[in-house]
Amino acid sequence: MQTLHQAVRDNFAEKAAYVARVMPGMTVTDDESFVAVDCGLPSDTFNLVVARHLSTPDHLLRAGVEPFMAKRFPVALWYWEDEADRQGMAALAAYGLAHTETHIAMYADIAQACVAAPVPADLTISPAVQPDHIRHYGSVIAALFGDSDEGRQVSAYHNLLSEYGMSHLPALRYYIGAYHDRVVATGSLFVGSDTVGIYDIVTQAPYRQQGIGSAMFAYLLNEARRFQHRHAILQASPDGIRIYEKAGFKAAGKVHTFENRVLL
């Protein structure tokens, strides 16, 4: 298998393009230096340019980002920092893209990772397979954006996904956490070519600090053991890295996100 640093990047790129490769109205541009995903909606949560490297930033911007600019669509550009990528970062800023987030790419041996997280009373975690499950899942994610157009587009995306059906997307597994019969938490797995990715661990604001997110993380890690891959990967915020380190995850580099909203 390639280096774990590369494996984290590859899992995200595969996940980003997975739905768009099969969903009507969505497109994927697979280039030597990037993967670009157009979800057909004005959403930089799902319109993504995942840089394979930044050694040719002019090509990346011209072929990867400018098609979204022509449509006046928001887009997020993701890249994994290494020496060459750091040199290309100036080109992104000069173009006008705004640096919005930095996460820590992490990996762990699934068999050795461990999370001690009791399930809170009245919390039920289950796969999201029915259309209403997917819509609830989308509502929890959309709430992160408040009353904004991005939140509405996130809901619209999951509404489309609920109509298409998760049975057509076997590598993507959504999970919901219901507390007192109300869906308040989400999590997902993406079973990639070499690793299992853990994504979208979200708890609605009024229900945080009650162990729900930790219980979801433990559930996802246990689900990841069902597959044949040795390693799990994820991307942690600087505030959340200690939780994952305690479970046995190790850092594999920084992930930067740039957005074009300043140009729209």
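**Figure 1. The loop between β7 and β8 in the predicted model, with His-180 and Asp-181.** His-180 lies in the loop that joins β7 to β8. Its phi is near 50°, a positive value in a residue other than glycine. Asp-181 has its place in the loop between β7 and β8 as well, and has a positive phi of about 70° although it is not a glycine. Most residues other than glycine have a negative phi. With a relative accessibility of 80%, Asp-181 counts as exposed, because the cut-off for exposed is over 50%.

**Figure 2. The largest nonpolar core.** This core holds 44 residues, of which Val-19, Trp-80, Tyr-157, Leu-161, Leu-172 and Tyr-174 touch the most other members. Helix α1, residues 4-18, gives the most to the core, with 6 residues. A second, separate core has 31 residues, including Met-106, Ala-108, Tyr-207 and Leu-234.

**Figure 3. Contacts of Tyr-157.** Tyr-157 is among the residues that touch the most other members of the largest nonpolar core. When neighbours within four places in sequence are left aside, Tyr-157 is in contact with Val-19, Met-26, Cys-39, Leu-41 and Phe-46. Of these partners, Val-19 is also listed among the core residues that touch the most other members.

**Figure 4. The largest pocket.** The volume of the largest pocket is about 1600 Å³. Its lining consists of 49 residues, and His-103, Leu-144, Asp-200, Ile-201 and Val-202 are the closest to its centre. Strand β9, residues 195-203, supplies the largest share of the lining, 6 residues. By class, the lining residues divide into 29 nonpolar, 13 polar and 7 charged.

**Figure 5. The second largest pocket.** This pocket has a volume of about 170 Å³. It is lined by 13 residues, and those nearest its centre are Ala-128, Val-129, Met-166, Leu-172 and Arg-173. Strand β7, residues 172-179, gives the most to the lining, with 4 residues. The lining has 9 nonpolar, 1 polar and 3 charged residues. Leu-172, one of the residues nearest the centre of this pocket, is also one of those that touch the most other members of the largest nonpolar core.

**Figure 6. Helix α6 and its cover.** Helix α6 runs over residues 212-224 and has 13 residues. From its first C-alpha to its last it reaches 18 Å, close to the 18 Å expected at 1.5 Å a residue. The buried residues of α6 are Ile-212, Ala-215, Met-216, Phe-217, Ala-218, Leu-220, Leu-221, Glu-223 and Ala-224. An α-helix has 3.6 residues a turn, so residues three or four places apart point the same way. What covers the buried residues of α6 includes the strands β6 (123-127), β7, β8 (182-191), β9 and β10 (231-236), together with helix α7 (241-247).

**Figure 7. Helix α4 and its cover.** Helix α4, residues 131-142, has 12 residues. The reach from its first C-alpha to its last is 16 Å, close to the 16 Å expected at 1.5 Å a residue. Ile-134, Tyr-137, Gly-138, Val-140, Ile-141 and Ala-142 are buried in α4. The cover of these buried residues includes α5 (149-164), β7, β8 and β9.

**Figure 8. Arg-152 in helix α5.** Arg-152 has its place in helix α5. At 46% relative accessibility, Arg-152 counts as partly exposed, because this value lies between the cut-offs of 20% and 50%. The C-alpha atoms of Arg-152 and Gly-138 are separated by 9.7 Å, and the two residues are 14 residues apart along the chain. Gly-138 is one of the buried residues of α4.

**Figure 9. Asp-44 in the loop between β2 and β3.** Asp-44 is placed in the loop between β2 (34-38) and β3 (48-51). Its relative accessible area is 8%, so Asp-44 is buried, the cut-off being under 20%. Residues up to four places away in sequence not counted, Asp-44 touches Pro-74, Val-75, Ala-76, Glu-150, Glu-259 and Arg-261.

**Figure 10. Arg-242 in helix α7.** Arg-242 lies in helix α7, an element included in the cover of the buried residues of α6. Its relative accessible area of 70% is over the 50% cut-off, so Arg-242 is exposed. The C-alpha atoms of Arg-242 and Ala-76 are separated by 26 Å, with the two residues 166 residues apart along the chain. Ala-76 is among the residues that Asp-44 touches.

Terms used. Residues numbered from 1 in each chain as written. Predicted model: local features only at pLDDT ≥ 70, side-chain atom pairs only at ≥ 80, totals over all residues. Heavy atoms only, no water. Core = buried A, V, L, I, M, F, W, Y, C linked by side-chain atoms within 4.5 Å. Buried < 20%, exposed > 50% of the residue type's maximum accessible area, 1.4 Å probe, protein only. Helix = DSSP H or I, 4+ residues; strand = E, 2+ residues; numbered from the N terminus. Contact = heavy atoms within 4.5 Å. 1 Å grid on protein atoms, 1.4 Å probe; cavity = no way out; pocket = protein on both sides within 12 Å on 5 of 7 lines; lining within 4 Å. Points joined across faces, edges and corners; volume = space filled by probe spheres on them. Nonpolar A, V, L, I, M, F, W, Y, C, P; charged D, E, K, R; others polar. Expected span 1.5 Å × (residues − 1).
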